[in-house]
Amino acid sequence: MKLEDGWVITLISEEIDNVLSGITTALRDTEACFTEAGSTFKKWAMKFALHRSISAHNFLEGFVAEDFALSDVKGFTDSLTIVVSEKLKRDIQVALHGGNSNVLDETATIELYSKMKKDVAQEILDHLGVCNEVCPFCNVTCHLQITGEHTHVATSHYPQGVAGGRWADSEDLMPSPCTQLMATDLVYCIEEEPMEIWKKYKDYKTDYDSWNIKPTKADEPIHYWKWVLSTFNDDFARIYNAKPAKIPEEWIKLHRIWL
Ligand SMILES: [Zn+2]
Ligand SMILES: [Zn+2]
């Protein structure tokens, strides 16, 4: 039997419409629960996840939400509604009409899912009282829960190797956090084609004035990031085309304890 072109689309488009309209209804009903202008993301997310259209999909299993200020519930709902009813719908339609042959292709599905996730996450971030600037050296996100112009700060920085930072001579990934490097005379490189310019970490403000990275001589990354770099050292090296970091002996001892 030869199936007609587009049979999959016909089959699932009604279901997709139902899911998307269930989400938009849940967004509006959730908004109605917040009579005050502002709330927190955690309160909003818990209410949304319990909505009958959403809870049926079991999103509450392992559900964790950070508690950030959500100052404009209506604006947040309006933006998410547009993402769901216009952007997501369009993306799904485009993916499904991609010649129809790849409708059931796993790669196409993963790509669509990751794009949708990114769009929704960006919309949420834009409305939360969080800063999403990252440290120019280790990529840690600014830890201040504010928006607008300010000096960015992180309570702890990652080992630079997790962001690809390496020693220039050996190409080994660096296990040191930015705070420790700021207390040394070591240098970093800014590539300005066709030249490389080397500057002392302690003078980082000349390039990254909006960041405040406190020089701390004996500072160390938190245990979690020590574990991450120790465990995935070879993977990071491969991804960044560098050599694995020389992990301090103390970290390896810790690593054994964790195991
Ligand atoms: Zn950093
Ligand atoms: Zn910031």
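1. **Main core.** The largest nonpolar core has 21 residues. Such a core is a set of buried Ala, Val, Leu, Ile, Met, Phe, Trp, Tyr and Cys residues joined through C-beta atoms within 7 Å. C135, C138, Y158, V162, C178 and M182 have the most contacts inside this core. Two or more residues each come from α6 (178–181) and α7 (223–231). A residue is buried if 20 or more other C-beta atoms lie within 10 Å of its own, exposed if 12 or fewer, and partly exposed in between, with C-beta atoms placed from the backbone. In general, nonpolar side chains tend to be buried together in soluble globular proteins.

2. **Basis of the model.** This is a predicted model: local features need pLDDT of at least 70, side-chain atom pairs count only at pLDDT 80 or more, and totals for chains, interfaces and linings use all residues. Residues are numbered from 1 along each chain as its sequence is written, while chains are lettered from A and ligands numbered from 1 in the order in which they are written.

3. **C138 and the second core.** Leaving aside neighbours within four places in sequence, C138 is in contact with H157, Y158, Q160, V162, A163, G165, P177 and C178. Contact requires C-beta atoms, placed from the backbone, within 7 Å. A second, separate core has 15 residues, including A26, W44, L88 and V130.

4. **Overall architecture.** The chain has nine helices and four strands. Helices (H or I, at least four residues) and strands (E, at least two) are DSSP runs, numbered from the N terminus. Their order from the N terminus is α-β-α-α-β-α-α-α-β-β-α-α-α. Of the 259 residues, 20% are buried. Among contacts with a separation of 6 or more, 57% join residues 24 or more positions apart.

5. **Packing of α4 and α5.** Helices α4 (residues 73–96) and α5 pack at about 165°, with their axes 10 Å apart. The angle makes α4 roughly antiparallel to α5. Angles run from 0 to 180 degrees between N-to-C directions, and axes are lines fitted to C-alpha atoms, for helices over the stretch in contact. Under 35 degrees counts as roughly parallel, over 145 as roughly antiparallel, 65 to 115 as roughly perpendicular and the rest as oblique. Residues in the contact include G75, F76, L80 and L88 of α4 and A108, L112, M116 and H127 of α5.

6. **Buried side of α7.** W225, K226 and L229 are buried in α7. They cover an arc of only 105° around the axis, which puts them on the same side of α7. The arc is that of the directions from the helix axis to the C-beta atoms.

7. **Positive phi.** Most residues other than glycine have a negative phi. N139 has a positive phi of about 70° and is not a glycine. E171, also not a glycine, has a positive phi near 70°. N139 is in the loop between α5 (106–127) and α6. E171 lies in the loop between α5 and α6. N139 is partly exposed, with 14 other C-beta atoms within 10 Å. E171 is partly exposed, with 13.

8. **W211.** This residue is in the loop between β4 (195–200) and α7. W211 has 19 C-beta neighbours inside 10 Å, so it counts as partly exposed. Beyond four places in sequence, W211 is in contact with C135, P136 and H152. W211 and H150 are 61 residues apart in sequence and 8.8 Å apart in space, C-alpha to C-alpha.

9. **D185.** The loop between α6 and β3 (187–192) holds D185. With 8 C-beta neighbours inside 10 Å, D185 is exposed. D185 and K199 are 14 residues apart in sequence, and their C-alpha atoms are 9.4 Å apart.

Methods. Contact = placed C-beta atoms within 7 Å.
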